[in-house]
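Me: I have a model open and would like to know what stands behind the words used for it. Could you go through them with me?

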Amino acid sequence: MTAATDDVLTAPTGLRLDGMPGPRPRLSWQVGRAAAGFDARRIELTLDGGAPVTHVEEDAGQIGVTWPFEPLAARARGTVRVGVRSGGAWTPWSDPLPFENPPLGAQDWEARFVSPRTLGGLLTAAPLLSRTVELPAAVTRARLHVTALGLHVTRINGERVTDEELAPGWTSYQNRLRFRTHDVTGLLRAGGNEITALLGNGWYRGRLYWRGERAFYGDRLALLAQLEIECADGSRHVVATDETWRAHTTGVLADDLYDGQSTDLRAGRGPAEPVDVLDEPLDRLFPADTPPVRPVAVVPGGVPFRSPSGVLLVDFGENLVGWVRLRVRGRPGQEVVVRHAEVLDQGELGTRPLRSAKATDRYLLAGGGTEVLEPSLTFHGFRYASLDGVEPEDIESVEAVVLSSDLPATGRFRCSDPDVQTLHDNVVRSMRGNFLDVPTDCPQRDERLGWTGDIQVFAPTAAFLADCSNFLASWLRDLAVEQFEDGCVPFVVPNIHHNILPAAAAWGDAATIVPWTLYERYGDPEVLREQYPSMRAWVERLNAFAGEDGLWTGRFQFGDWLDPAAPPDEPGAARTDKDLVATAHFVRSADLLARAADVLGRRDDGERYRALAAKVRAAFAAAYVTPGGRLMSDTPTAYAMALSWDLLPTPGQREAAGARLADLVRANGFRVATGFVGTPLIADALTDAGHPHLAYRLLLERACPSWLYPVTMGATTIWERWDSMLPDGRVNPGQMTSFNHYALGAIADWLHRRVAGLAPAAPGYRELDVRPLPGFGLTWAEADLETRYGRAAVAWRVAEGTLTLDVEVPPGTHATVHLPGSEPERVGAGSHRWRTVCPGAPGRPESIADALDDAGLWRRLTAIMASEGIAGDEAGAAALAARGLPLPLTELAAVVAPRATPERVGELQVLFDAAVAAHHG
């Protein structure tokens, strides 16, 4: 091993304030290598107009450090900086981090919600609210605090106050309504100024859910705005929404998130109309706690082309979320219509998967020159768009504006297999498209909801790819306030579903699993502290469901949703027993709640819920596990849960279950046989059971269903179904078919942790577990992650039988490194390299199972079976071979052709033996 070190004592970097805006933010920072073992910290607070105040603590924590000063008031502003002591010497101070609080409570607002009195009814044009203000002098400081019931696009003197789109986003509006504060100093001037806000229906009043409901939260759009101004002459001014504001009609004739936006570019602002001041409560307001939705990319469209029916189409080359921006020339009143879809179906725009969503933007041109056509009050999920009403020669440019919550990217994965790399890229793209203020299931059809089950399985992957700590913590706050009094968790958050049935395993377990994932990946226990009542309420609800026997049975469940064996219109018809799935999740949630109680110092709760988890685990084993380690649901998902969540009482049962899982994977021809529940677990279960080569075989399979099948079909995002598009190019006939659904992309977490080998061994990656899986079809892989402590990275490469492993460990952390054939080695901060002999490929196969495990050999053997009329493909051959997996390979012919004559069996075995000999030289 070689290592690099750095002994220079440097100032802390990366200072951040979590829980800001707010009265008591938490501090986190990074230190240099020389200060990694610091034993004290000092924090300096300087409020505007005040002297610095320093707090010193004998403590080595640097993640989620509790605010040591008096709570910050509304509109408090200042700076904070930190330093640490290492080896008896203090580091230099970090750069000061400025902060500023907005209004923090209802008492801090002068503004009231205002709504057009006569304009802006349902299914009418979007209204514009306006107000003018005269200022006596140049502006030295100005802040705008703004939100809406509905969407708002706010301008001052014609300039947008922010690049945020779809503000204020979607929260549980009846409980929590986000506002955002903008520095608008540069937009105001001495003399006359105008503030305007275009209001749209959005989630508040637009169509939600496939049942077509509108105005779910209310039927009146409204604006709340408070502009606080300081001028050079010392005067202060507050412009707040009140009865003096005015309303106007606009050229936005219709707007809806599902259906699109219609705009008449000829129309100007209508005459002023009065507004009403609404008696809306202000105590549900909260300052923005997540990054806004922004344009994060612009993707140029390809050259427009004609479909078989003559429709003008454009391909943007990737499935994305946002809208089309067109620059066109045309005559006054000419209508241009843009329709969106994710795929082409028989060469035409594939709109059937949209169900009732129209996903159509319409424009009436003003004429007289080039016009820019793009909406602002809707979004679409699409790769393709049709352009009606305009000819190619009148199009100056066409591009797609990509929208997403602007989360900082933190993790990266790369590997030697181009298809696996594309799979990972597709995961990233699906997360980007569906992390649009809420972690949604899909971005295109008449749904786009925050399904709890989807994010529960995907949260570990998401927490690696981007800093989504605040994004998901905010969503969890909505989950907690939407949780029913009896502890049941809604199927979707924000909850517009109003569960007809009370709870579902894997979906409701988001209440425990997502907070624990955030703690595990980011290291700040505040998320557990805040969510603990919600976590406990959910587990207590499960305990009540289960009763004395500890089994959660007999109730509605989604189960292993979208098991690939389920019929297209029965996505819940999985092979794994739903009660088994439910009770397994009961164990999982009780166990995580016990761990959370331990972290928070709740000793009694920890003991109680550990005992509950043990009771339910024993009940699970008694009801669903045989003494020999077989599960009553003999499916990959059942074994994956049992192995991953320690549901098998004895080592013998665990070994037998791992072997059975391996045989099921072989028998299925290495095609995926898991749905939402089993998919995030199966690769880990195989790896932990000693079969990483089979996990790789699953990963690298390209036939349907598999992770790489969509890649072979040209997918650029993760599909909802394993076969959203059939091999012949037709769209799956099920009415629920999305081409941008991140849940099945949860395999990326295994790529990060196991293939590359970068895994957390302690909360926040304070300890790293470096345990890569070199080989098995890849020649190199690497992952890097910006942890709270700094950059961590693992890269391995196999060349000429030598494994080279490079590991970067952030200051303040350690890594335990596992090399093949060597004892684990613990290393500290710095860059490290190892070179060792890489384990060779397996020798000549002895059993039928060995032959199946060798992808190249099995292709040869399958080709023989196909030519001899025994099996049509590798999966069919595997199903035949499954009858005798442990038998010697010399009996393969007898196993796959049991009705053949002895002479025929002998002839086949000769062919098989020759193929084996050729494969192994």
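**Terms and values**

Reply: Gladly! Of the 921 residues of the protein chain, 60% count as buried, where buried means under 20% relative accessible area, exposed over 50% and partly exposed in between, with a 1.4 Å probe and protein chains only. This is a predicted model, in which local features need pLDDT of at least 70 and side-chain atom pairs count only at pLDDT 80 or more, while totals for chains, interfaces and linings use all residues. Residues are numbered from 1 along each chain as its sequence is written, and side-chain values use heavy atoms, leaving out hydrogens and water.

Me: What makes the protein chain as compact as a globular protein of its length?

Reply: There are 19 helices and 43 strands in the chain, counted as DSSP runs numbered from the N terminus (helices H or I, at least four residues; strands E, at least two). The radius of gyration is 30 Å, close to the 29 Å that the globule rule gives for 921 residues, so the chain is as compact as a globular protein of that length. That radius is taken over C-alpha atoms, and the rule is 2.2 Å times the number of residues to the power 0.38.

Me: Why is L188 called buried?

Reply: Its relative accessibility is 8%, so L188 counts as buried under the 20% limit. L188 is found in the loop between β14 (177-183) and β15 (191-200). Leaving aside neighbours within four places in sequence, L188 is in contact (heavy atoms within 4.5 Å) with residues including L135, V139, I156 and L227. The C-alpha atoms of L188 and N175 are separated by 34 Å, although these residues are 13 apart along the chain.

Me: What makes helix α14 mostly covered?

Reply: Ten of the ten residues of α14 (residues 747-756) are buried. Among them are D749, W750, R753 and R754. After α14 comes G757, with a positive phi near 100°.

Me: How do you know what counts as a cavity, and how many of 30 Å³ or more are there?

Reply: On a 1 Å grid over the protein atoms alone, a cavity is a set of points where a 1.4 Å probe fits but cannot get out.

Me: Which residues lie nearest the centre of the largest cavity?

Reply: They are L423, W707, P710, I718 and W719, out of 14 lining residues, each lining residue having an atom within 4 Å of a point.

Key:
On a 1 Å grid over the protein atoms alone, a cavity is a set of points where a 1.4 Å probe fits but cannot get out, and a pocket is an open set with protein on both sides within 12 Å along at least five of seven lines; lining residues have an atom within 4 Å of a point.
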